[in-house]
Amino acid sequence: MIERVMGRNENGSEGIRQVNAASEPAANRTLSGNPTENATTGRQAEKTGPAMITAQNIAISYPGVKNGPAVIQDINLSIRDGSIVSLIGPSGCGKSTLLKAIAGLVPPAKGRMDIAGVTPQEAAQRRLVGLVFQEANLLPWKTALDNAAFLLQVSDKSIPANEARERAAENLRLVGLGEALTKLPSQLSGGMRQRASIARALTLNPQILLMDEPFGALDAITREEMSYLILDIWERTGKTIVLVTHSIDEAVLLSHEVHVMGVKPGRIVCSITVPLAFPRNSQSFADPRFRETEILLRDRLIESHGRPRQAS
Ligand SMILES: Nc1ncnc2c1ncn2[C@@H]1O[C@H](COP(=O)(O)OP(=O)(O)OP(=O)(O)O)[C@@H](O)[C@H]1O
Ligand SMILES: [Mg+2]
């Protein structure tokens, strides 16, 4: 049963949450506790398992924008180890900025960010975080195999080339490109290129996979296939995944929790726990709770664009 709880969530922001024990991360078998209670008390991470990513009162301004307003502010987040979390919100609200802060690419002006017990910069140095962007950005003169091995080879010279290539081949097989190891990017479809970029990130064996609109450039059906691929990767690896998306469907299908962001300032306006059990698949769409969560998210998104909700 879905329970809606109004109140302060673990991000410290006011908002509605939908909670259900069935949405516990399958990959984090140690989790326990009552999410409904946790949602209302704001101690979810503490009670149900270790937090992989925590953000406390994070504010970010870009250098060069002198005395400019913070692009994002008052960000409080706790993302559990082995969970899939989505960030959704209007263009310019700071989703990519928040992802870059987690990746150690943009330093916060205020607040504290902790990734697996260390700073984002240290986490990046230890290759705890892998990144996948909207564009695959493969090197056109390298094969899928060499592209997938490339980042590991340049970031860790102590790993022998054949070992890096073995790991790359394994991850290409994991994303369904076992038959395309010797193909150049120009010989791959858009979806295949994106699979190769996911394999490249996985070859670094990060604990956290950050994905910034990874399927934005793909057609609807390929995009849905990629969602199942992410679910499959998550089932097999148990990685913590943070996904930026503009697709409500994608956010509901994939996530344990969805954070809706708003603009001016960029901030988290509400967080919704998706009340669907794992494993998820095409049948998840038929679950009435899927539609209910989708409608709730849509309402919150409309509000985050600064528009009032339509009377229903
Ligand atoms: N390098 C930068 N220097 C200055 N301002 C920046 C920089 N990168 C982003 N911004 C600004 O920060 C704000 C948030 O940008 P960001 O890219 O994080 O938004 P977003 O939510 O990812 O948007 P979209 O959905 O369009 O990708 C925007 O106002 C943008 O103009
Ligand atoms: Mg963005």
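Trainee: Over which residues does pLDDT stay under 50?

Mentor: This is a predicted model, and pLDDT stays under 50 over residues 1-48. The model still has 105 contacts beyond four places in sequence for that stretch. Where pLDDT is low, predicted coordinates should not be read in detail.

Trainee: Where in the protein is confidence lowest, and where is it highest?

Mentor: Helix α1 (residues 35-41) is lowest, at a mean of 27, and strand β5 (residues 84-88) is highest, at 98. The protein averages a pLDDT of 84, and 81% of the residues score at least 70.

Trainee: What makes a set of residues a nonpolar core?

Mentor: The members must be buried residues of nonpolar kinds, joined through C-beta atoms within 7 Å. The largest such core here has 75 residues, and Ile102, Leu210 and Val242 have the most contacts inside it. Strand β3 (residues 51-60) gives the most to this core, with six residues. At least three core residues come from each of domain 1 (3-128 + 206-304) and domain 2 (138-205).

Trainee: Which residues does Leu210 touch, not counting those up to four places away in sequence?

Mentor: Its partners are Leu99, Ile102, Ala103, Val129, Gly130, Leu131 and Val242.

Trainee: How many residues surround ligand 1, and which are the closest?

Mentor: Eleven surround ligand 1, and the closest are Tyr62, Ser91, Lys95, Ser96 and Thr97. By class, that shell has four nonpolar, six polar and one charged residues. Lys counts as charged, so Lys95, among the closest, is that one charged residue.

Definitions and conventions. Residues are numbered from 1 along each chain as its sequence is written. Chains are lettered from A and ligands numbered from 1 in the order in which they are written. This is a predicted model: local features need pLDDT of at least 70, side-chain atom pairs count only at pLDDT 80 or more; totals for chains, interfaces and linings use all residues. A residue is near a molecule or strand if its C-beta atom, placed from the backbone, lies within 6 Å of it. A residue is buried if 20 or more other C-beta atoms lie within 10 Å of its own, exposed if 12 or fewer, and partly exposed in between; C-beta atoms are placed from the backbone. Helices (H or I, at least four residues) and strands (E, at least two) are DSSP runs, numbered from the N terminus. Domain bounds come from an automatic or database domain assignment. Two residues are in contact if their C-beta atoms, placed from the backbone, lie within 7 Å. pLDDT is the predictor's confidence in each residue, from 0 to 100.
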